[in-house]
Amino acid sequence: MDLPANAMADEDDKTQRPDLPPFMVISTFDVEQAALIVQRMYSPQTDPNTSQNLQRDLFELQRRPEAWGLVVPFVNSSDAQVQFFGAHTAQVKIARDWDQWPILHAQALRGMLLNLTAQAAANGVSRVVMRKLYVADWIKDTLVALIATPAPESAPDFLQIAVEEVRSADLLAAAKARMQASLKLALPFVMQLFTGNLPVRPDVSVSARLAWLKAVEAWMTLQFWSALQDSIIDSEFGDEDSTTKQASIKALDLELVLTLVRKARWPTVEEGFRSWAKDQKEKFQNFRRDLGDTLINTYYVLRDDFFDPILPTIVDLLAPGGTPVGGWEGVEAAIYSIKTIQEAIPVGPNHNLSRVFGPEILGKLPMQGHEQIRRTALDLVGSYATWFHAQETPELLMNAMSYVVAAFSEPLLSLHAARALRDLCENNRKALSNHIDSFSNLYANLPSIPDTEKAKVLQAICSVIQALPLADAIGPVEGVVAPLVVSLGESLNRAPQALEEARTSTVAQLHALSGCAKGLTNNTDPLMEFSTADEDLESVRLMEQARRDPRMMELRNKIIQVLTLAMSIWSADAEVGDAVSDLIKAITSLPSDNTLLSLPPGPVLELVCAAAQRQTTAVWLSLATMLTTQLDSATSNVSHLLGKADRTSNRDTDRAVVEKATAMLVQYTLTFLSAPSAMENNPDVVRAFFTFLTTVSNAFASAIVTLPPPLASALMECAIKGLTLPERYSLVDAAKFLKGDRKPIANPEYSDGAKTLLKQHGPAMSQALLSGIGGASPRSTIPNLVELLAILLAKVPEHRTWMKETLYSPVMDNPRLTREAKDKFLFAATSSVHS
């Protein structure tokens with residue numbers, strides 16, 4: 001740009017502003033020259049190379065302090081391109097060069113920009129230019145200035161732009177916090193504007209009200225509604241105005257509900273959703289996903305009035321019958337909004353929900369085709385499953401069940417139908433058990449339901465069976481579960497001829513059995529039951545009596561047989577392993593939680609050991625941990641109900657099972673981890689192994705201390721190596737095992753064998769601990785190592801000698817570990833133990 005170097009400082013032709021810095025004042029000649037350059041750059045007659053050079057010159061000009069002086073004359077220009085460049089310069093300078101602006105003149109700049117914005121709005125400057133000015137301004141003061149102009153309709157435009165810019169701006173945390181604070185500071189005034197312009201009034205035009213509605217929509221997205229409501233509550237209303245305050249809040253929230261439902265509406269095919277760009281689709285879907293938080297806050301204000309704008313809308317749309325005018329998208333959005341507030345609605349009678357799930361609304365929704373509205377309706381039913389439980393009569397529940405079951409005929413809806421059915425049955429067992437015969441048709445249609453959803457359907461059916469009296473439940477359990485066991489056995493027998501086909505069907509059958517086991521599990525929270533010890537004992541006695549029914553005993557034996565075969569064929573298969581794990585978790589329990597299908601943990605633990613011998617995995621070790629906990633009668637909910645002789649007998653039996661299993665699992669896992677880098681490359685196995693050992697040492701300590709000496713020695717070596725692993729969680733779990741929750745496993749109080757282990761491995765353990773504390777281990781693991789070191793110092797007198805020898809040995813040579821530092825550490829460690 002060919003301007004003289006001193007052009008910006010020409011004193012001959014400029015208007016003095018003592019409240020602004022000197023570089024803000026530019027001569028009329030220079031302003032005109034700069035404007036001509038802008039016009040040339042945007043002119044279609046200018047060739048691309050020249051235009052590019054002019055653009056570079058203008059950008060260089062924007063970098064100079066004097067560019068501030070172009071803002072006012074450019075925005076006041078009659079040329080639209082010059083106006084835009086002036087507003088753009090204001091935005092760029094504030095965003096990029098604010099730190100260079102003299103702090104003494106900050107208020108003057110603020111006033112100048114506010115006046116400029118108001119004047120531009122009054123002059124009808126384009127919205128593109130106004131957006132640039134709005135971004136540069138202060139919110140509340142800008143609103144005040146805009147409302148005072150002859151064009152007050154620019155105020156809602158400014159509000160919409162301000163929020164959009166804050167949401168999309170890539171600001172540093174501090175700057176973003178200041179912008180958010182600026183928005184919040186303006187909330188009381190914004191609230192006044194909203195409540196003053198949203199209601200239908202003669203002095204507010206339709207176009208103005210629509211503009212304010214758009215501003216309302218833009219401010220919900222930032223989740224400022226709760227803050228907006230707080231601003232009304234905290235505002236200075238007199239006592240006589242409390243009704244006005246509540247009415248303002250209610251009016252705003254009712255408008256918000258309608259606005260959000262409208263925005264949540266899926267576009268129709270004609271509106272071209274499929275042609276939307278990927279980011280547009282994601283933005284819309286994210287908006288729908290995040291809608292709940294805002295609507296829940298609104299529900300807490302409106303309570304039952306929340307439904308006032310929604311239900312009439314749904315009823316009106318459904319009134320003609322058949323497909324609503326404009327398609328199902330409007331109904332779907334309204335139903336979806338009701339689904340999102342489920343967690344906020346109390347469980348109890350609710351006349352609004354009775355309308356939703358009655359013939360007026362649910363009864364008029366389509367039963368064929370129209371997948372989107374039906375998916376949402378199914379999800380709605382499932383989300384309110386607990387609400388049906390509190391209703392006095394079952395009519396609404398049975399209406400919902402009929403709607404859900406009908407959806408299984410369409411594969412695209414089977415997932416949503418299965419989830420809704422599972423939730424309904426899980427939470428309404430007793431009510432539905434009175435209609436158990438109606439489930440026969442559903443069970444008969446089970447072959448037509450996709451394998452991926454059968455487990456949920458079976459869980460639903462079995463959860464209703466669970467609510468029957470035990471004597472009445474035995475036949476249905478056999479009728480549902482026995483065919484699954486037969487089918488699983490057939491799949492396993494086909495494995496030699498068709499391995500992959502057999503594997504796929506085996507996984508499906510295992511999941512189906514898991515669904516049955518989960519459904520039969522009592523879903524009552526024991527903390528909410530106020531039963532006596534005699535009642536608990538009677539409940540356990542009745543369950544054990546039912547479990548001794550020959551049909552149930554035979555069924556459980558067959559389950560163990562097919563489980564054994566599945567684990568023997570596919571013990572190394574990850575998908576089968578996960579399916580087996582899921583089944584074992586569902587079909588084993590503490591004695592107080594036994595069901596008709598529950599398998600005893602002892603025999604299942606033996607199966608897990610056999611699988612681990614073929615392929616040691618974290619899955620088998622995790623299951624062993626769970627089963628050990630179940631065998632620990634000290635943690636059993638029912639142990640206090642048993643006589644002393646029974647407790648002692650059970651404890652001895654369980655201890656023998658765990659001791660045998662521990663010896664096997666330690667042997668198999670140590671063999672697996674002895675390979676080069678095996679511990680570093682398999683942190684999941686390492687973690688599961690040490691977690692199992694910690695559980696065993698706390699519940700059945702004898703299982704550890706009675707290990708054969710060579711095996712116990714190898715275990716200690718593995719644990720000590722675990723203290724040096726780079727992976728944080730593996731190291732921590734190794735330290736937890738050695739530390740123990742009750743006693744450190746390497747404690748001479750256990751046995752003479754423990755003393756031998758300490759003499760053999762104590763120095764190596766000391767070295768691992770001190771090396772880790774000295775910096776070899778991740779910083780976050782140091783507290784675990786220090787705690788283990790303190791325990792050993794307190795319980796094992798020899799450890800002080802080992803620690804001293806290690807600390808001053810060459811292995812601990814480190815420039816940072818001076819003799820003085822070692823002396824201080826040793827003194828502090830031993831002193832803390834003495835204290």
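Visitor: Which hand does the crossing of α25 and α26 have?

Guide: The crossing of α25 and α26 is left-handed, a label used if the near helix is turned anticlockwise from the far one by less than a right angle, with right-handed used if clockwise. Before we go on: this is a predicted model, where local features need pLDDT of at least 70 and side-chain atom pairs count only at pLDDT 80 or more, while totals for chains, interfaces and linings use all residues. Residues are numbered from 1 along each chain as its sequence is written, and side-chain values use heavy atoms, with hydrogens and water left out.

Visitor: Okay. At what angle do α25 and α26 pack?

Guide: About 160°, with the axes of α25 (residues 470-493) and α26 (residues 499-520) 9 Å apart. That makes α25 roughly antiparallel to α26. On the terms: angles over 145 degrees count as roughly antiparallel, under 35 as roughly parallel, 65 to 115 as roughly perpendicular and the rest as oblique. Axes are lines fitted to C-alpha atoms, for helices over the stretch in contact, and angles run from 0 to 180 degrees between N-to-C directions.

Visitor: Which residues make the contact?

Guide: From α25, they include Val477, Val480, Val481, Leu484 and Leu488, and from α26, Ala502, Leu510, Leu513 and Cys516 are among them. Contact means heavy atoms within 4.5 Å. By class, the contact of α25 with α26 has 13 nonpolar, 5 polar and no charged residues. Here Ala, Val, Leu, Ile, Met, Phe, Trp, Tyr, Cys and Pro count as nonpolar, Asp, Glu, Lys and Arg as charged, and the others, Gly among them, as polar.

Visitor: How do α25 and α28 cross?

Guide: Their axes come within 10 Å and cross at roughly 25°, with α28 covering residues 550-569. α25 and α28 are therefore roughly parallel to each other, and the crossing is left-handed. Residues of α25 in that contact include Ile474, Glu478, Val481 and Val485, meeting residues of α28 such as Arg551, Leu555, Lys558 and Val562. The contact of α25 with α28 divides into 14 nonpolar, 3 polar and 3 charged residues.

Visitor: And what's the angle between α34 and α36?

Guide: About 120°, with the axes of α34 (residues 683-699) and α36 (residues 709-722) 12 Å apart. α34 and α36 are therefore oblique to each other, and α34 passes α36 in a left-handed crossing. The contact is made by Phe689, Phe690 and Leu693 of α34 with Leu715, Cys718 and Ala719 of α36. That gives 6 nonpolar, no polar and no charged residues.

Visitor: Zooming out, how many helices and strands does the chain have?

Guide: The chain has 41 helices and 0 strands. Helices (H or I, at least four residues) and strands (E, at least two) are DSSP runs, numbered from the N terminus. Buried residues make up 48% of the 835 residues, where buried means under 20% relative accessible area, exposed over 50%, and partly exposed in between (1.4 Å probe, protein chains only). Among contacts with a separation of 6 or more, residues 24 or more positions apart account for 71%.

Visitor: What about α21, which of its residues are buried?

Guide: Ser414, His416, Ala417, Ala418, Ala420, Leu421, Leu424 and Cys425. They pack against several helices, including α18 (371-383), α20 (395-406) and α24 (451-466). An α-helix has 3.6 residues a turn, so residues three or four places apart point the same way.

Visitor: New topic: is Thr628 buried or exposed?

Guide: Thr628 is buried, with a relative accessible area of 1%, and sits in helix α31 (residues 618-631). Leaving aside neighbours within four places in sequence, Thr628 is in contact with Val658, Phe692, Thr695, Val696 and Phe700.

Visitor: Where is Ser677 found?

Guide: In the loop between α32 (644-673) and α33 (678-681). Ser677 is not a glycine, yet has a positive phi of about 65°. Ser677 is partly exposed, with a relative accessible area of 38%.
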